[in-house]
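Thanks, everyone. I will go through the side-chain pairs in this one, then a charged residue.

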Amino acid sequence: MSTSGSTYGDIHRYEPARESTAAAVAIVLLTIVEVVFVGLFAFGLINGWGTEEVGNMYLGTVLAIIFIDLAFVLLLYRKEFLPDVMIVKKRRRKWEDLYIREEQMEGTSMGGAGAWDSVKRAVYPYYKK
């Protein structure tokens, strides 16, 4: 669904999420695997596996698997269950972030050229030559 509005904040394009059943089942299974690995990591911490050299590497590997599994859960959720929305945004010019008014984009002159130009170049990074 697209709209022709061009004012700031209008929704330009809205595509609803697919919400597939296979993705929901995959998210549930990955969440169960996540809980198992979190339990294994907590069990290893409580039993002091981190004090041994091999146990420390084992806990690090389990922690890495936990975060990778969580990344896949979030990836599936974002792709399958969040709608694709494009909102019209206000286009900004370079000088709008640095200056208050367009007339001030080249700085102000208060006197002689020399040293003051170097100060203006230091203060205003997009100083035109």
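The model is predicted, so to speak of local features we need pLDDT of at least 70, side-chain atom pairs count only at pLDDT 80 or more, and totals for chains, interfaces and linings use all residues. Residues are numbered from 1 along each chain as its sequence is written, and side-chain values use heavy atoms, with hydrogens and water left out.

Start with the rings. Phe, Tyr and Trp rings, the six-membered one for Trp, pair if their centres lie within 6.5 Å; planes under 30 degrees apart are stacked, over 60 edge-to-face, and the rest tilted. That rule gives three aromatic pairs. One of them is Phe 43 with Trp 49, edge-to-face, at 5.6 Å centre to centre and 85° between the planes. Another is Tyr 77 with Phe 81: the centres are 6.0 Å apart and the planes at 25°, so this pair is stacked. Both Tyr 77 and Phe 81 sit in helix H2, four residues apart, which is about one turn of the helix. Ring pairs also join Phe 43, Trp 49 and Tyr 58 into a cluster.

How open are these rings? For accessibility, buried means under 20% relative accessible area, exposed means over 50%, and partly exposed is in between, with a 1.4 Å probe and protein chains only. Phe 43, at 46%, is partly exposed, and Trp 49 is partly exposed at 23%. In the stacked pair, Tyr 77 has 43% and is partly exposed; Phe 81 has 23% and is partly exposed as well.

Next, charges. A salt bridge needs a side-chain nitrogen of Lys or Arg within 4 Å of a carboxyl oxygen of Asp or Glu. The count is one: Arg 18 with Glu 80, where the closest N and O atoms are 3.3 Å apart. Arg 18 is in the loop between strand S1 (11-15) and helix H1 (21-46), while Glu 80 is in helix H2, so the bridge ties together parts 62 residues apart in sequence. Arg 18 is exposed at 57%, whereas Glu 80 is buried at 9%.

Last, Asp 69, in helix H2 (residues 53-81). What does Asp 69 touch, leaving aside residues up to four places away in sequence? Leu 30, Val 33 and Glu 34, with contact meaning heavy atoms within 4.5 Å. Asp 69 is buried but has no salt bridge.

Terms used:
Helix = DSSP H or I, 4+ residues; strand = E, 2+ residues; numbered from the N terminus. Lys, Arg positive; Asp, Glu negative; His and termini not counted.
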